[in-house]
Amino acid sequence: MFGINANLKKTAAIAAIAVAGVMGAANASAQQYWMEEVLEQQLAEESAQDTKAAETADQEAEEKADSNAS
């Protein structure tokens with residue numbers, strides 16, 4: 001009787017550790033996905049800012065060339 005109870009406790013403890021490990025892995029995966037999304041968004045924002053800066057520089061150069069041509 002006591003041997004069966006000890007085996008059940010051991011099995012329950014191993015199962016709890018396994019569940020905790022799976023949950024930890026899922027959490028790590030979710031964090032990695034979230035960080036990738038944040039990084040992707042930051043890169044998109046930086047790219048948009050770079051494009052805007054390039055367009056502004058092009059426009060200023062055109063205006064300067066037009067004013068010099070006059």
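Me: What should I know about the numbering and the model before I start?
Reply: Residues are numbered from 1 along each chain as its sequence is written, and side-chain values use heavy atoms, with hydrogens and water left out. This is a predicted model, where local features need pLDDT of at least 70 and side-chain atom pairs count only at pLDDT 80 or more, while totals for chains, interfaces and linings use all residues.

Me: How many helices and strands does the protein have?
Reply: Helices (H or I, at least four residues) and strands (E, at least two) are DSSP runs, numbered from the N terminus. Here there is one helix and zero strands. Helix 1 covers residues 2–69.

Me: What does the radius of gyration say here?
Reply: It is taken over C-alpha atoms, and the globule rule is 2.2 Å times the number of residues to the power 0.38. A compact globule of 70 residues would come out near 11 Å, but this protein has 30 Å. Its C-alpha atoms fill a box of roughly 105 × 5 × 5 Å along the principal axes.

Me: Is I17 buried or exposed?
Reply: Buried means under 20% relative accessible area, exposed over 50%, and partly exposed in between (1.4 Å probe, protein chains only). I17 is exposed, at 63%, and D50 is exposed too, at 55%. Of the 70 residues, 0% count as buried.

Me: Which residues gather in a patch of negative charge?
Reply: Patch residues have over 30% relative accessible area and no salt bridge; like charges are joined within 9 Å, and nonpolar side chains (Val, Leu, Ile, Met, Phe, Trp, Tyr) within 5 Å. A salt bridge is a side-chain nitrogen of Lys or Arg within 4 Å of a carboxyl oxygen of Asp or Glu. In this model E55, D58, E60, E62, E63 and D66 form such a negative patch on the surface. D58 lies in helix 1 and is partly exposed, at 48%.

Methods:
Accessible areas come from the Shrake-Rupley method with a 1.4 Å probe; for residues, only the protein chains shown count as cover. Lys and Arg count as positive and Asp and Glu as negative; His and the chain ends are not counted. The place of a charge is taken as NZ of Lys, CZ of Arg, CG of Asp or CD of Glu.
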